[in-house]
Amino acid sequence: MIVVGGGLAGLRAAIESSKYADTAIISRVHPLRSHTGAAQGGINAALGNIEANKDDNWQKHAYDTIKGADFLADQDAVEVMTKDGPERIIEMEHWGCPFSRTEEGKIAQRPFGGAGYPRTCFAADKTGHYLLVTAYEQVLKRKIKVYEEWFATSLVVDKGTVLGLIAMDIITGDLEAFKAKSVILATGGAGWIYGKTSNSMINTGSGMAMAYRAGVPLKDMEFVQFHPTTLYPTCILMTEGARGEGAYIVNSQGERFMQRYAPKAMELAPRDIVARSIQTEIDQGRGVKSLYVHLDIRHLGKKKIMARLPGIRDLAIDFAAVDPVKEPIPIWPAQHYTMGGVDSNAKCETRVKGLYAAGECACISVHGANRLGGNSLLETVVFGKIAGEGAAKFANGTAEDSGAEPLQGALKAQKEHLRLLQEGYGDEDPSVIREEMRNLMVDKVFLFRNKEGLEEAKAEISRLRTRLAKLRPIMSHKVYNLDLIRAIELEEMLDLSEVIVASALNREESRGSHLRLDFPKRDDIRFLKHTLAHKTSEGPRIEYSDVRITMYQPEERQY
Ligand SMILES: Cc1cc2nc3c(=O)[nH]c(=O)nc-3n(C[C@H](O)[C@H](O)[C@H](O)COP(=O)(O)OP(=O)(O)OC[C@H]3O[C@@H](n4cnc5c(N)ncnc54)[C@H](O)[C@@H]3O)c2cc1C
């Protein structure tokens with residue numbers, strides 16, 4: 001059993017799988033360098049640990065999640081996540097995660113956007129880091145084999161069943177075939193497709209692209225989350241936990257403008273609404289220097305800032321030369337999360353037998369059209385565990401097979417592809433194409449979209465693909481050949497950006513994070529549906545599938 005990805009989803013999957021089957025993790029970076037480590041604000045579960053949330057329960061968590069998702073989430077999957085949440089948090093606590101505490105010593109919980117109760121458990125503003133280290137310790141304890149700095153390039157699928165994968169040892173440059181009776185993709189998000197993102201440069205959507213090429217459709221890729229509060233201009237995240245602790249967002253006139261857009265929830269409206277409100281203020285001339293607005297936490301006082309938000313204080317000082325204890329923080333919206341991903345059900349199964357997906361690379365779908373903050377870390381541990389058990393049991397129930405031949409064929413084909421790539425086809429520089437793609441996605445496929453802009457993006461991506469076929473020679477050295485890895489990533493990211501644009505163009509409505517200026521209303525009659533993008537030689541073929549509605553009928557979102 002192989003898990004691709006050493007972030008929180010991959011580690012939790014491997015811990016579970018190792019109970020039942022031989023398990024290995026393949027990760028392009030050391031697990032502790034995975035992007036989960038950057039998560040700041042917290043992880044949601046209806047624990048009811050404080051006076052203000054003593055009436056909270058999984059149903060209320062589910063309702064907030066579904067409403068936040070603009071009713072596109074699959075409600076059976078949301079039920080699984082919100083019911084299992086408390087147990088997964090307690091498990092992490094028992095494994096040693098140093099959560100922040102209430103005065104009675106219980107796990108502390110703070111308010112987060114779109115949530116009816118304070119239900120976000122946190123470890124100061126470094127929650128992802130502590131959770132990741134906690135899970136990694138369990139991986140070490142179980143002596144699970146980790147292939148660190150191995151980059152998976154493709155899945156091997158034969159007759160609808162996964163047989164393994166091809167991966168490159170980044171240190172030596174050697175390509176190997178890994179035979180596996182089941183594979184879990186836990187490769188994280190695709191934020192690097194956008195020029196403005198809070199994600200790191202390893203979030204290139206690799207697993208999504210591998211699944212897409214192996215015949216699994218990508219679901220709901222038009223739903224890209226833009227976080228309202230990232231530092232200007234670097235896009236480093238300023239956690240929603242700051243607003244949970246009481247931060248204000250103000251424009252150049254010092255006005256708390258969320259009053260105009262979400263009078264009840266104010267700064268704690270869901271991210272899609274707050275991000276659009278900020279951008280509207282900037283576009284209408286009420287931004288500071290017409291570029292950004294301010295996140296103000298000064299009124300919280302130094303003591304609370306140092307206890308609850310020390311990380312963002314350090315980041316603001318280091319990257320914007322602003323001490324939030326004394327000055328407001330310049331912020332603007334940036335890409336943050338990929339709601340779409342590998343089409344998977346609530347058991348993390350894909351339509352390829354033996355292939356599972358969990359974490360940000362998967363679209364199960366618990367976040368629908370807009371994810372609530374704190375629900376993603378929860379998704380990784382809940383569905384990581386489910387994927388681990390399912391994939392291990394699938395492997396145990398599969399007879400020893402003769403997958404050697406297709407694996408060797410795939411290895412040979414991949415070697416040949418990389419040889420040709422290194423030899424070169426022309427004189428196009430991959431880094432130039434990459435930057436043009438990233439800027440294009442910000443210019444045409446960002447917070448506000450329309451047919452004209454999306455058509456232009458589609459045509460431009462097609463031109464970039466033509467140029468991709470004329471790349472200059474790639475460096476030929478084997479050891480740590482990042483030039484080669486960047487070229488492989490570019491092929492993958494162009495596939496994904498093409499899917500995002502095609503899915504956004506087809507969805508002629510506005511829902512959650514997807515706002516079409518030319519179709520400003522939600523249209524449940526035509527589009528209460530999941531988008532499924534299938535790979536074909538002519539580009540993505542779009543189909544739709546039903547949303548599973550088991551608890552709450554769609555209603556108008558008011559905050
Ligand atoms: C700045 C920031 C702050 C956030 N804060 C919060 C928060 O407070 N609460 C919350 O709920 N969510 C938060 N999120 C979202 C959340 O952190 C992520 O969605 C979640 O951690 C993703 O975990 P993952 O395990 O799916 O992927 P990741 O942690 O991204 O791990 C992906 C793994 O896949 C591996 N990988 C990728 N491609 C390959 C390949 N081709 N071959 C081999 N290995 C590969 C990588 O090495 C890595 O180990 C935040 C996100 C960001 C960007």
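Helices (H or I, at least four residues) and strands (E, at least two) are here DSSP runs, numbered from the N terminus. The model is a predicted one, in which local features need pLDDT of at least 70 and side-chain atom pairs count only at pLDDT 80 or more, while totals for chains, interfaces and linings use all residues. Residues are numbered from 1 along each chain as its sequence is written, and side-chain values use heavy atoms, with hydrogens and water left out.

## Backbone geometry

Lysine 289 is found in the loop between H8 and strand S14 (293–296), and has a positive phi of about 50° although it is not a glycine. Accessibility is expressed as relative accessible area, where buried means under 20%, exposed over 50% and partly exposed in between (1.4 Å probe, protein chains only). On that scale lysine 289 is exposed, at 64%. Cysteine 235 also has a positive phi, near 70°, in a residue other than glycine, but cysteine 235 counts as buried, with 4% relative accessibility.

The loop that holds cysteine 235 runs between S12 and H6, and proline 233 is likewise placed in the loop between strand S12 (224–231) and helix H6 (240–244). The peptide bond joining tyrosine 232 and proline 233 is cis, with omega about -5°. Another cis peptide bond joins isoleucine 364 and serine 365, where omega is about -5°; serine 365 belongs to the loop between strand S18 (362–363) and helix H11 (375–396).

## Pocket and cavity

Grid points are joined across faces, edges and corners, and a volume is the space filled by probe spheres set on the points.

The second largest pocket holds about 610 Å³ of space. It is lined by 22 residues, of which Asp70, Ile273, Arg276, Pro520 and Arg557 are the closest to its centre. Helix H8 (residues 271–283) supplies the largest share of this lining, four residues. For the composition of a lining, Ala, Val, Leu, Ile, Met, Phe, Trp, Tyr, Cys and Pro count as nonpolar, Asp, Glu, Lys and Arg as charged, and the others, Gly among them, as polar. By that scheme the lining of the second largest pocket divides into eight nonpolar, six polar and eight charged residues.

Over the whole structure, one cavity of 30 Å³ or more is found, and the largest cavity has a volume of about 30 Å³. Its lining consists of Ala190, Gly191, Tyr194, Val224, Gln335, Thr338 and Ile500, which divide into four nonpolar, three polar and no charged residues.

## Aromatic and charge contacts

Rings of Phe, Tyr and Trp (its six-membered ring) pair if their centres lie within 6.5 Å, and planes under 30 degrees apart count as stacked, over 60 as edge-to-face and the rest as tilted. The structure holds 12 aromatic pairs. In one of them, the rings of tyrosine 63 and tyrosine 552 have centres 5.1 Å apart and planes at 75°, so the pair is edge-to-face. Because tyrosine 63 lies in helix H2 (residues 58–68) and tyrosine 552 in the segment after strand S22 (541–546), the pair ties together parts that are 489 residues apart in sequence. Tyrosine 63 is partly exposed at 23% relative accessibility, and tyrosine 552 is partly exposed at 21%. Elsewhere, Tyr147, Trp150 and Phe178 form one aromatic cluster.

A charge sits over a ring if NZ of Lys or CZ of Arg is within 6 Å of the ring centre and within 35 degrees of the ring normal. Two such placements are listed below.

| Charged residue | Ring | Distance to ring centre |
|---|---|---|
| Lysine 67 | Tyrosine 559 | 4.5 Å |
| Arginine 371 | Tyrosine 337 | 4.1 Å |

## Cysteines

With a disulfide taken as a pair of cysteine sulfur atoms within 2.5 Å, the structure holds zero disulfides. The sulfur of cysteine 121 has its closest cysteine sulfur in cysteine 97, 9.6 Å away and therefore too far for a bond, and cysteine 121 is buried, with a relative accessible area of 0%. For cysteine 361 the closest cysteine sulfur is that of cysteine 348, at 9.6 Å, again too far for a bond, and cysteine 361 is buried at 0%.

Notes
On a 1 Å grid over the protein atoms alone, a cavity is a set of points where a 1.4 Å probe fits but cannot get out, and a pocket is an open set with protein on both sides within 12 Å along at least five of seven lines; lining residues have an atom within 4 Å of a point.
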